[in-house]
Amino acid sequence: MITSGTTPPVNHSTWMLTRAVGIATLAAVMGACTPDTTPPRPPEPDRFAALEADAKVMSHRWTAPNGINLDSPEIQVARGYIESENNYDRTADPNTLYPGYIAVAHAYKSPPTPRTGTITHHILQVESTTHLGRPATEIHVCDVYMQTAMPTDTEWTRMETRFSSSLRIQQTEQVAETLPTLDYERRLPYPTWNVFNGWEVERFTDKRIGENDPWRICRTSMPGYNRDTPVTERLTAAPVVEPFHPGWPTVVDDGE
């Protein structure tokens, strides 16, 4: 008999059962509120988004005399160097520099020159030489800007016509990393691998004097260059962005 004011004795088995049911209920509620899996990470920024966008505004086309392979390692280095310079000059955006460029050259910050159109690069000469006791390759290029222009409020203006570049390219004394496998049938407007890996690049001034010197050819008899064209000329429409040539081979995915 239980008298008034007296706490009834606790049935231990009943208490354990009640506690177990409570814990199970709480776990079920918490499980319903907790996702089954961890939310996926946001995608990594596209390293080549700026290059892809810029390729729609300005393109690079290369020509060379017979016997010069535009995909040979030294020529790829020269192409990558000059294209990167022009991309950065147009955008002032380091994301438009090709992979590895910063390791071989300085990108000087300056206001962008927002030209559009097509730059044609003509390789004039490729010469084997020696520099500082090591084999080197000197490559002379004419860069023709006649198919590029910069926008104004009402029209387009071409501000320059041609330029010349001389590059000295040497292999580094360090062991280069293994290059990826490349697919030369499928191409992009820009390289997605480091074309400068294992190479040193130096811009230099060719001071030779003669009718066949590169800078004189660029100035007087560059194929496709009209000497009578004004340096500054107003245009009624933006120049056409021609398809890249030859473009860049794509990296083969190991899973393919």
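Modeller: On a 1 Å grid over the protein atoms alone, a cavity is a set of points where a 1.4 Å probe fits but cannot get out; lining residues have an atom within 4 Å of a point. This is a predicted model: local features need pLDDT of at least 70, side-chain atom pairs count only at pLDDT 80 or more, and totals for chains, interfaces and linings use all residues. Residues are numbered from 1 along each chain as its sequence is written, and side-chain values use heavy atoms, without hydrogens and water.

Colleague: What volume does the largest cavity have?

Modeller: A volume is the space filled by probe spheres set on the grid points, which are joined across faces, edges and corners. For the largest, the volume is about 50 Å³.

Colleague: Which elements each supply at least two residues of its lining?

Modeller: The lining of the largest cavity includes L51, D54, M58 and H60. Helices (H or I, at least four residues) and strands (E, at least two) are DSSP runs, numbered from the N terminus. The elements that each give at least two lining residues are α2 (49–54) and β1 (58–63).

Colleague: Which element gives the largest share of the lining of the second largest cavity?

Modeller: This cavity has a volume of about 30 Å³. Its lining residues include T148, A149, M150, T157 and R158. β3 (134–151) and β4 (156–158) each supply at least two. The largest share, three residues, comes from β3.

Notes
On a 1 Å grid over the protein atoms alone, a cavity is a set of points where a 1.4 Å probe fits but cannot get out, and a pocket is an open set with protein on both sides within 12 Å along at least five of seven lines; lining residues have an atom within 4 Å of a point.
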